[in-house]
Amino acid sequence: MELLKVDGISKIYGEGEAATKALDDVSFTVEKGEFVAIIGPSGSGKSTLLHIIGGVDRPSKGRVTIDGTSIYNLNENKLAIFRRRQIGLVYQFYNLIPVLDVEENITLPLLLDGRKVDKDYLEDVIRTLKLKDRLHHLPNQLSGGQQQRVSIGRALINHPALLLADEPTGNLDSKNSAEIVELLKLSNKKYGQTLIVITHDERIALQADRMITLTDGHILKDERIRKSGHVGFAEDGR
Ligand SMILES: Nc1ncnc2c1ncn2[C@@H]1O[C@H](COP(=O)(O)OP(=O)(O)OP(=O)(O)O)[C@@H](O)[C@H]1O
Ligand SMILES: [Mg+2]
């Protein structure tokens with residue numbers, strides 16, 4: 001089943017002489033439960049693409065469809081709600097709220113949405129992320145790896161259709177980095193999460209089902225590395 005369709009996306013920043021074409025007619029689809037790595041040189045448009053898929057940055061041209069919804073046809077208000085419910089974003093610099101503790105940071109998206117916390121799921125996420133004994137710590141009382149685990153928890157708490165991560169291990173040492181990748185892979189397998197990760201690290205990219213290489217705002221290569229682990233994925237070697 002197709003979860004994401006990126007259709008003829010272009011993005012131009014600025015105007016006139018200062019205009020930069022960050023993306024130039026990018027199209028691809030992602031199946032539900034796939035783990036896709038996006039690689040490419042600095043400035044090739046990776047973050048721009050992720051932000052457009054995540055509903056954060058409007059494209060200059062083209063369409064993004066997630067689970068049947070053409071997201072830029074929604075008004076700002078509806079898009080904000082869609083984003084909160086369907087998209088989990090993880091950044092290189094965790095973006096946690098400094099005055100909220102671990103539990104509050106993880107459950108924040110639910111509170112913003114006026115929804116109740118599913119205690120069983122929260123416990124499961126906290127156990128999976130190994131944060132049980134840190135629940136009431138503030139972000140500045142945590143290591144980098146722990147902070148990134150909190151931001152993954154926050155991204156997962158709404159059961160989003162899509163989990164997007166931009167250099168999630170860019171700020172971590174190799175041990176923490178490996179752990180974060182294991183957690184992302186676990187959420188991909190355990191919760192059937194469709195996962196798109198931007199990385200400069202080839203070791204991470206090689207763990208994905210598929211690797212998309214961007215260069216100068218377009219897709220240079222789109223390679224399948226292995227069959228998606230998601231049950232029910234068409235076994236036609238696509
Ligand atoms: N807000 C902006 N205004 C103007 N130009 C921008 C803006 N954001 C990005 N760009 C330009 O768009 C191009 C793509 O940027 P983008 O951040 O998507 O690259 P990237 O592949 O994520 O690079 P990196 O690996 O360094 O993070 C670059 O040339 C960049 O300078
Ligand atoms: Mg980037």
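## Residues around ligand 1

By class, the shell around ligand 1 consists of eight polar residues, three nonpolar and one charged. Here Ala, Val, Leu, Ile, Met, Phe, Trp, Tyr, Cys and Pro count as nonpolar, Asp, Glu, Lys and Arg as charged, and the others, Gly among them, as polar. Among the residues around the ligand are Tyr-13, Pro-41, Lys-46 and His-200; a residue belongs here if one of its heavy atoms lies within 4 Å of the molecule.

Strand 2 (20-31) and helix 1 (46-53) each supply at least two residues of this shell. The largest share, three residues, comes from helix 1.

## Basis of the model

This is a predicted model, in which local features need pLDDT of at least 70 and side-chain atom pairs count only at pLDDT 80 or more. Residues are numbered from 1 along each chain as its sequence is written, and side-chain values use heavy atoms.

## Polar contacts and cover

Polar contacts are pairs of N or O atoms within 3.5 Å. An oxygen atom of ligand 1 lies 2.6 Å from a side-chain N or O atom of Thr-48. Backbone N or O atoms also approach ligand oxygens, at 2.8 Å for Gly-43 and 3.1 Å for Gly-45. The protein covers 58% of the 640 Å² of accessible area that ligand 1 has on its own, as computed by the Shrake-Rupley method with a 1.4 Å probe.

Tyr-121 is buried, at 7% relative accessibility, whereas Tyr-191 is partly exposed, at 23%. Buried means under 20% relative accessible area, exposed over 50%, and partly exposed in between (1.4 Å probe, protein chains only).

Notes
Chains are lettered from A and ligands numbered from 1 in the order in which they are written. A polar contact is a pair of N or O atoms within 3.5 Å; within protein, one must be able to donate a hydrogen and the other to accept it, and residues adjacent in sequence count only if both atoms are side-chain atoms. Helices (H or I, at least four residues) and strands (E, at least two) are DSSP runs, numbered from the N terminus.
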